[in-house]
Amino acid sequence: MQTNQRSDGDQWTITSSVGRTALLVALGRALETRRDDALIDDPFAESLVLAAGDADLTPDVVEERAQDDPEMTRSLEFLTDMMAARTLRIDDEIRAANAHNCRQLVLLASGLDARAARIPWAPGTTVFEVDQPAVIGFKDEVLDEVGASPSATRVSVACDLRDDWLTALRTAGFADDVPTFWLAEGLLPYLRPADQERLLATITSVAPTGSVLMLDTTSGPIDPADWDIDASGFGVTVEDLFLDTGEFDARAWLNDHGWSASSEPVVSVLGENGRGNGITSDERYSAMIGKVQIVTARRS
Ligand SMILES: C[S@@+](CC[C@H](N)C(=O)[O-])C[C@H]1O[C@@H](n2cnc3c(N)ncnc32)[C@H](O)[C@@H]1O
């Protein structure tokens, strides 16, 4: 099990510390893609997970372990439902924005998100992806190996989001003055509240009218003790992933700084799609997933 404690300026690989969470959520998308009633189709997720080379963390192995481990079954259901809802909802907004002339996207903390390769983009679209160097490098290599051919121009930007990532993004070709779709999916809990605020302020400084920002967050602060999922079964300890669990209300901040932001519980997305009954009937898991909100903000 990884027991890396967080620190300012810490770095990771795709299998260690926060990097491993990118692997876990890709595993969730791979498992969802395998379902007969899948809400999403991510044809790259399984290849990305397998390429990380962790024999304990493959779709086959975790599904087999779940067969005689009810706790693992619940954890996988939680992960799969969460990723299905999050991916579905965000994909819908991204596709709509791209169809309505938004041709520049920035995926902050892109991890193993394969949207750049799997979404059919309008001509002239550029997708920037920002993550730590080892994570970006791993994904670039695997997408190349599997012959992914994005219909957008995909630009990798290796940078820490606690550093001056905007300069790195501009150097990579980002244009300040065009409406942009910004995504910060699965990122905020791994940043200190001050870094979360700085991130949103930086985005706001280069988000003209027509820009959209989506992120996921929790209603109320995260107490790792409440996030009592069997993360150890996936080789991570929840307590070791957070630097500071103080509260920052992203939606309120956005509404105070020129955005019109609304939020939607992940469980609503599941309910609308006839899913999530198993997880919401379990008191412990229901309490966790019930807090997760998807925030959509529009710049007017
Ligand atoms: C849970 S994963 C989410 C990945 C991706 N957005 C997705 O939903 O599939 C968290 C990601 O945040 C990235 N991340 C967290 N803190 C970061 C930081 N300070 N700088 C750059 N990337 C960071 C990690 O490397 C990891 O890829």
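A: In strand β3, Ser156 is the bridge partner of Glu129. The model is predicted, so local features are taken only at pLDDT of at least 70 and side-chain atom pairs only at pLDDT 80 or more, whereas totals for chains, interfaces and linings use all residues. Residue numbers start from 1 along each chain as its sequence is written. Helices (H or I, at least four residues) and strands (E, at least two) are DSSP runs, numbered from the N terminus. Two strands are said to pair if DSSP finds at least two bridges between them.

Strand β2 (residues 126-131) and strand β3 (residues 153-158) pair in the parallel sense, over six bridges. Together with helix α6 (residues 133-145), β2 and β3 make a right-handed β-α-β unit. The term right-handed applies if, with the strands pointing away from the viewer, the path from the first strand over the helix to the second runs clockwise.

β2 also pairs with strand β1 (residues 104-108), in the parallel sense and over five bridges; here Val127 in β2 is the bridge partner of Leu105. β1 has a further pairing, with strand β4 (residues 180-184), again parallel and over five bridges. In that pairing Trp182 of β4 stands opposite Val106.

How well covered is β1? Five of its five residues are buried, a residue being buried if 20 or more other C-beta atoms lie within 10 Å of its own, exposed if 12 or fewer, and partly exposed in between, with C-beta atoms placed from the backbone. Gln104, Val106 and Leu108 point to one side of β1, Leu105 and Leu107 to the other, and all are buried.

The loop between α7 (165-171) and β4 holds Gly173. This residue counts as exposed because 12 other C-beta atoms lie within 10 Å. Gly173 lies 8.6 Å from Val155, C-alpha to C-alpha, with the two 18 residues apart in sequence.

Helix α4 (residues 70-99) has 30 residues and reaches 43 Å between its first and last C-alpha atoms, close to the expected 44 Å; the expected span of a helix is 1.5 Å times one less than its number of residues. Asn101, which follows α4, has a positive phi, near 75°. In helix α1 (residues 17-34), 17 of the 18 residues are buried. The end C-alpha atoms of α1 are 27 Å apart, which agrees with the 26 Å that its 18 residues should span.

With five residues, α1 gives the most to the shell around the ligand. Of the 20 residues around the ligand, those that come nearest are Ala22, Ala109, Gly111, Leu161 and Gly186; a residue is near a molecule if its C-beta atom, placed from the backbone, lies within 6 Å of it. The shell comprises nine nonpolar, six polar and five charged residues. Here Ala, Val, Leu, Ile, Met, Phe, Trp, Tyr, Cys and Pro count as nonpolar, Asp, Glu, Lys and Arg as charged, and the others, Gly among them, as polar.

As for the protein chain as a whole, 12 helices and seven strands are present. Its radius of gyration is 18 Å, close to the 19 Å that the globule rule gives for 300 residues, so the chain is as compact as a globular protein of that length. That radius is taken over C-alpha atoms, and the globule rule is 2.2 Å times the number of residues to the power 0.38. Buried residues account for 41% of the 300 residues.
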